[in-house]
Amino acid sequence: MSTKLKIRTSMKNITISITTVLLIIPIVILVGVKLLNDRKYNLISFIIAFLACIPFLARFENRRPQPREILCISVMSALSVAGRLIFVMLPGFKPVTAITAITGIAFGPEAGFLTGALSAIVSNIYYGQGPWTPFQMLSWGILGFIAGVLAKFNLMENKVVLTLYGIFSGILFSLMMDIWFVLSIDGLFTWKRYYIAIIGAIPFTIVYCVSNVVFLLLLSKPIGEKLERIKLKYGLMQD
Amino acid sequence: MIRISALESYHPIVLFVFFASCILFTMFFMHPVYLAISLISSTLLLGKLVGLRKLFKTLLYILPIFILIAISNPIFSHKGVTPLFYINYNPITLESILYGIAMATMIVSIMLWFRCYNLVMTSDKFICLFGNIIPTLALIISITLRLIPKLKDQIKQISNSQRTLGMYIDTGSILERIRSGIRILSILITWALENGIDTADSMKARGYGLKGRTTFSIFKFDKRDGIILGIILLLVSINILGEVYGYSSFYYYPYVKNMDFSVMTITFNLSYFLLLIFPTIIEIKEDLKWRSLISKI
């Protein structure tokens with residue numbers, strides 16, 4: 001890609017991100033507060049969760065990625081969905097977050113976000129789409145992104161950081177899903193109900209955290225090495 | 001003889017516009033009449049699509065959700081001006097009970113609409129719909145969908161060959177199961193990545209990403225789709241108009257708004273009902289046509 005074209009696409013990406021984050025999301029909130037009398041939290045949050053994914057997706061789309069890059073992200077998302085099938089006999093144990101994080105570590109924050117968001121869409125095509133899809137896309141996407149950013153500072157090689165990340169991601173995912181649960185009760189968000197939902201979900205949160213930590217500790221080295229090898233062998237994702 | 005549902009023969013855009021407006025309107029309108037219309041039409045459509053037995057099964061599983069939401073609102077929320085009785089000095093108000101029922105109806109209707117959406121909007125339609133706007137992401141979704149059954153087969157093959165080496169994933173302690181599960185995953189990943197690179201190189205060799213390449217789509221937007229889309233959009237705009245003029249607005253707190261049954265209100269209610277019942281009518285019409293054609297053979 002020529003430098004001129006590169007600058008132009010990156011300008012376009014920045015414009016899309018800025019308009020979504022600074023313009024469209026506040027407008028949606030404003031419309032929610034003014035026109036809907038501040039009552040339609042569920043509808044508004046559903047739209048915002050979806051809009052929040054757009055800057056990442058638009059950036060990837062405009063970059064016109066190479067087939068090898070496309071295939072790597074597809075393979076990792078398919079693995080995280082299929083991974084649920086391998087561990088189906090252990091309820092609640094899902095490798096989705098761990099595989100998303102490992103992809104983020106090896107291939108960078110953007111690939112991490114895409115793998116997470118894509119896993120959410122595709123696994124919901126199997127298990128049923130619902131109003132929770134944008135929330136899952138955003139949660140898993142952000143987790144993959146964070147893992148990628150941490151890896152840029154060489155933090156993810158540290159076992160302690162990895163464990164902390166696993167616990168953090170389990171809690172974050174659970175908190176996001178609790179927001180959706182509270183909103184689904186009556187469209188309003190109250191802190192009291194949110195606390196009750198969090199307390200009620202503690203067993204799930206623990207399972208999420210434990211499974212994330214277990215999978216991250218067990219998988220990050222072997223899979224990480226495989227991804228590094230593929231990267232080296234085929235010269236992938238070198239920007 | 002089996003016939004695929006009539007809805008499935010329409011262009012994905014028509015179906016997507018219908019379901020998107022349906023689900024958004026259901027989330028939006030809290031008017032009891034509107035909620036009732038949404039619940040009834042979603043139940044009818046699902047019943048038409050899956051048959052009575054499966055519909056009852058779904059309703060049986062949705063009923064506890066309905067009850068849970070309907071009960072939890074008056075317990076948590078004490079707004080409203082008509083206390084019926086007290087629990088632990090907390091008033092249980094008529095308004096919060098009604099609001100709980102309304103909210104439960106809304107959530108259950110949305111679940112039913114999504115059930116219908118999942119049945120009608122198959123993954124090929126989803127990809128066709130977004131193939132023009134976001135070609136790369138649509139391609140990625142389509143590749144991922146294809147990879148999953150492929151990986152499933154490979155998992156079976158790997159676990160069978162591992163079995164001959166004495167690794168069993170379905171027996172032993174949890175730690176042993178996790179260990180053999182991870183071993184299979186590791187083998188799978190090496191295979192999947194190498195295979196993926198092969199596919200990518202093959203795509204590149206066939207000119208992926210070159211100028212002038214188009215995307216294949218099996219769906220054609222014909223006159224019939226145009227007519228139906230026009231009707232849907234007309235009904236959608238009538239309903240937005242109704243909302244602008246306040247015919248579909250409603251409040252439950254501090255006291256429940258009085259229902260009004262003027263001609264205008266009923267007209268707008270009817271237009272909403274017409275919009276939501278539309279696919280069911282199409283299904284029934286095609287059903288009758290099919291039967292009469294069969295009887296002529």
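The stops that follow lead through one chain, its contact with the other, and then the second chain. The model is a predicted one.

**Stop 1: chain A as a whole**

Of the 239 residues in chain A, 46% are buried. Consider next the contacts between residues at least 6 apart in the sequence of chain A: 72% of these join residues at least 24 apart.

**Stop 2**

Now show both chains in separate colours.

**Stop 3: two loops of chain A**

Select Arg64(A), which lies in the loop between helix 2 and helix 3 of chain A. Its phi is near 50°, a positive value in a residue other than glycine. Is Arg64(A) buried or exposed? Arg64(A) counts as exposed because it has 12 C-beta neighbours inside 10 Å, and the cut-off for exposed residues is 12 or fewer.

Move on to Asn154(A), in the loop between helix 6 (133–152) and helix 7 of chain A. Here, too, phi is positive in a residue other than glycine, with a value near 55°. Asn154(A) has 9 C-beta neighbours inside 10 Å and therefore counts as exposed.

**Stop 4: a helix pair in chain A**

Select helix 4 (residues 96–107) and helix 6 of chain A. Their axes come within 7 Å and cross at roughly 40°, so helix 4 of chain A is oblique to helix 6 of chain A. The crossing of these two helices is right-handed. To see the contact, display side chains: among the residues of helix 4 of chain A that take part are Val96(A), Thr100(A) and Gly104(A), and those of helix 6 of chain A include Trp140(A), Phe145(A) and Ala151(A). By class, this contact has 8 nonpolar, 6 polar and no charged residues.

**Stop 5: chain B and its domains**

Turn to chain B and colour it by domain. Domain 1 covers 9–121 + 220–296, and domain 2 covers 134–205. The centres of the two domains of chain B, taken over C-alpha atoms, are separated by 41 Å.

**Stop 6: Ile110(B)**

Finally, select Ile110(B), in helix 4 (residues 94–120) of chain B. Why does Ile110(B) count as buried? The reason is that it has 21 C-beta neighbours inside 10 Å, where 20 or more are required. Leaving aside neighbours within four places in sequence, Ile110(B) is in contact with Pro131(A), Ile23(B), Thr26(B) and Met27(B). As a last exercise, draw a distance from Ile110(B) to Ile231(B): they are 121 residues apart along the chain, and their C-alpha atoms are separated by 22 Å.

Key:
Residues numbered from 1 in each chain as written. Chains lettered and ligands numbered in written order. Predicted model: local features only at pLDDT ≥ 70, side-chain atom pairs only at ≥ 80, totals over all residues. Domains from an automatic or database assignment. Contact = placed C-beta atoms within 7 Å. Helix = DSSP H or I, 4+ residues; strand = E, 2+ residues; numbered from the N terminus. Axes fitted to C-alpha atoms, helices over the stretch in contact; angles between N-to-C directions. Parallel < 35°, antiparallel > 145°, perpendicular 65-115°, else oblique. Left-handed = near helix turned anticlockwise from the far one by under 90°. Nonpolar A, V, L, I, M, F, W, Y, C, P; charged D, E, K, R; others polar.
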